[in-house]
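Have a look at it first, then read on.

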Amino acid sequence: MRNTLAIRPLTEMSRPGYRAARFPTPDVPDHAPADVLPAGALAAAPPELPELTEPDVIRHFTNLSTLNMSVDTHFYPLGSCTMKYNPKRHERLAGLPGIGDPHPYRDEADLQGMLQILHELQGMLAEISGLPAVSLQPAAGAQGELTALLTAAAYFRDRGEGEQRRKVIFPSSAHGTNPASAALAGFDTVQLKPTKTGLTDLDELASKVGEDTAVFMITNPNTLGLFEKDIEAITALLHDHGALVYIDGANMNAILGLTRPGDFGGDMMHYNVHKTFTGPHGGGGPGAGPIAVRDFLGPYLPGPVVKKVGGTPERPEFALHTPSKSIGRVRSHFGNVGILLRGYFYLRTLAAAGMRDVSERAVLNANYLRSKLKDVLEIPHPAPCMHEFVASASRSKKNRQISAMDVAKRLLDYGVHAPTVYFPLDVPEALMIEPTETESKATLDQFADIVRDILTKEDAETVKTAPHTTPVRRPDEVKAARQPVLCGVAKGCGTVPVDEVTVSA
Amino acid sequence: MLAEVGAESVEDLLAQIPASVRLDRPLNLPEGLCESELQRHVAALAERNRPRDAANFVHGGGDRVCFLGGGVYDHFVPAAVDEIAGRGEFYTAYTPYQAEASQGSLQAFFEFQTLVCRLTGFTVANASLYDGGTAAAEAALLAIRETKREGRVVVLGSVHPEYRQTLSTLLEYLPADVVTVDCPNGVTDVAAVEAALTDDTAALIVQHPNFFGNLEDAERLFAAAKAKGVISVQVFDPVTLGLLKSPAELGADIAVGEGQGLGIPMQYGGPYLGLFACREEFLRKTPGRLIGRTEDADGRECYVLALQTREQHIRRGKATSNICSNQGLLALRATVHLALLGPQGLREVADLSVRKTHYLADRLCETPGVTKAFDAPFVREVCLRVEGGARGLLGTARAAGFDLGPALSRFPAELFPAEMRAEELVLVAATERRTKQEIDLLAAALSDDPAATPLDRGEPVLAVA
Amino acid sequence: MSPDELHYLESHEWVGRDGDVAVVGISEFAVNQLTDLVYVDLPKVGDTVTRGETFGEVESVKAVSDLYSPVTGEVLEVNSGLEDDTSPLSEDPFGKGWLMKVKPSDDSVEGLMDGPAYREFCKTSDQ
């Protein structure tokens, strides 16, 4: 049952004198801040944080958690996001003493187990990509893109082509991060036109590629869930002009052990460990976006990377190493190790056969669902798809005024998370569906039935005014954009006298 | 399922991948492990991160005592933080694009923004960035956009060296130059900064308390920036705001920081939590995700992703930042942590950290050849000079079961002026978790008099923490 | 101002003359295409704007569009009230919803569409 009292804003629940956490009495009586710090630096009072008991805090956040949909509670076929099951074992292992707690500035000699894990992970990511040089540093996929583009920029500058190679090209179906990363790396951006087939048009690409091209960024399989069948010709074209090919690894879940970016002509790529390798999504992060590149780009990677420096096969020794022409750092410390570890645990569990199995099942699940839905939604591109597909609600929009967003919202009433809507931009009324390999046939059948019911049995008004059963309905985004309110103000503070306060120990 | 899709095998579905690029062999990966095998394997590797030397005697079999600092601190994390962050409803949810299915995350992140505003004194905070270093770089980018000044970004030499490296890397191919004002004395000379602030300077980046643990003359620095139309960025440490004036009160325009100290485990460098808050006027140029409060169709108060038009999925090449994910789960941890501590708890953590670090400094300076590197007020971290180089001292401490550092020698030498003799410098910090007894044992282990150390007794002298 | 007396860019900005001053805005057609406007970002008084180059942005809930200047010159005044409330722009784009007033560096309208031509242009781009 919904507890509206417990989910009031923390600032409203606050009562003077309440507190949850207690700390030891000082065993160092001297050196009080007022004695050792200049008075001018000190605040008159501590910040106005809420004052709560521990049960207040636990109830508040536990009740809030029940207002979320998540992989642990709901089917979550959000296209492009790879919402697969996150094994619980990873959480336990990531918190083991010696794994979850080392300070980043401990001596390398005392971190040999950690460095071994990270070194092994570098090797596994090199093998899966077919690209030998790996940096685990980027904090997320978008930062991986930026890091790779900075690496490419350094490479071209080193070759004396820095001034000449100004352009980064990408398809219209590219993730928004591609052009955003290219702009931040100082490049000019060039977007290709959408095509009917959903695949890159070689002729158009050829007309835009030249000696001023630095990088072509492509997602493969692309964001429409299609494998770019001309990928070899595409990469050859770029290489003929001295340019590099970047593979956006967002859709790696489709090709693990089946084909490798390095084998189809990619020079650089990023992984989304939080998608492909089950680092949980965390409500929007953290991610981890390691990159793999060809050997000639390796010297430019950010440092540090882990290098094997000796020891015995049973007890190898490792050290941190900064590549010779490194671009520097793209963040502080080694990387998002907590997420990288989960990727490592996953790879060590599934191994080679498991990797291939993941992709085969992901592709089968997507094609199965695609087939089950093909008569109720339009599917603009021919079968088969890879691990996801894009459907369009334009027919229902035209005939019954039911938009993709309406379908998405109505799905929530059935306890299913919505697919990605209105992306890619090339497909009108797009619904991008990625079931992932961890869903059963029964779940897929159920989902297909629900979509069919929504589109063929329910009255249009019910769908258009959905959702009806969620904690809130259709928030006013115009208001949120016109008069943004980004932080709360205290409304109820100070209403309870201090002597009535019970304090949790 | 194959019959439904009209395929005889999965291979039919994979025919769209040209045969010429298919991998014709199994991936060369280590053999697969079942859960119990994996646990044994990882536990064995974890043991290599828990050296068993003298630490065994000192700490009853526990790990090294951590006096490490450098922007990451061994603060206590209440169990309630792990409990909430461990709820699958939070950690297996995606970015809250569907507001109706994400009110839990949205409200938690809105509360995070509220608490970051309360800490910094601003009214705009985002729902987090990757870490302190990238947050500083994002602030510089905002300043360049806002001022339309593409000449330079001035950063003090007392800012964390890894943040400075990050800033240089991320701005390398953009028009603005990163100009460093050296800080050989541990506190920056305001006149030198004034001289560096040109008419085409977009931002001044000041860390306060700085990387060496010292207080800068932040108010004068920010006033100097303001006089030149330069945007002031303060890199802050949220724990110290239990005691110190807020960035807004000091006159900063943007506050960025590393939120690791707010309930986040150290986990060898990440994921951590980039904090970002700023003045109201920069609202629409703020990078990263923002949560806004609004009303739903029935007039109920609720939360949504606000101002998404700034972000890469809409504005693409002209977005305020390329950032797509944030550090949501860590923002949740920080929110729970601050809710548990409250104003008094945060003040106590800061107070205890100040006292213990000062006591630690006094005791370590009893060691021959060890002195305070600078004659400036420091807060919860102190920079020591070890005559002839810091390496020996760190080794002795490690052998006795104590981690000190970072030594400045672990950062590229060119990040510090030669006159500083950075190879002799080492940072140490003591949080509220450290006890007087631990500090005394460390001091004894470093002293030249073997009789003064209890290590020889060969028995645990501290209970497991 | 009467829409027919104005001159237009293909990106839907208009310019009209008020004595020595050039007044700039966006057309009703553009406002309708953008739907729910939430924010307008305008230049500062004293800035120089150049024909064909961006001078600001107009933002709806789902998209942001650059504003291109149909005129070159110095910005004399901006309709700063729009930064707090965009409703004049939504309701009266050719009148109260003007965006900026510019001291033009020349009188040329070469390369711009006149009112009737622009009406035709909108008809074709609406299909």
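This is a predicted model: local features need pLDDT of at least 70, side-chain atom pairs count only at pLDDT 80 or more; totals for chains, interfaces and linings use all residues.

## Where chains B and C meet

Four salt bridges are counted between chain B and chain C; that term covers a side-chain nitrogen of Lys or Arg within 4 Å of a carboxyl oxygen of Asp or Glu. One of them joins the side chains of Arg315(B) and Glu57(C), at 3.2 Å from N to O. On the chain B side of this meeting, the residues split into two nonpolar, one polar and four charged (Asp, Glu, Lys and Arg count as charged; Ala, Val, Leu, Ile, Met, Phe, Trp, Tyr, Cys and Pro as nonpolar; the others, Gly among them, as polar).

Chain B brings seven residues to the contact and chain C brings 11, with contact meaning heavy atoms within 4.5 Å. Together the two chains bury about 730 Å², 38% of it on carbon and sulfur atoms. Buried area here is the accessible area (1.4 Å probe) that two parts lose on being put together, summed over both. Within chain B, Arg284(B), Thr309(B) and Arg315(B) lose the most area to chain C, together 61% of what that side buries.

Side-chain values use heavy atoms, leaving out hydrogens and water, and residues are numbered from 1 along each chain.

pLDDT is the predictor's confidence in each residue, from 0 to 100. Chain C has a mean pLDDT of 90, and 98% of its residues reach 70 or more. For the complex, the predictor gives an ipTM of 0.96 and a pTM of 0.93.

Technical notes: Chains are lettered from A and ligands numbered from 1 in the order in which they are written.
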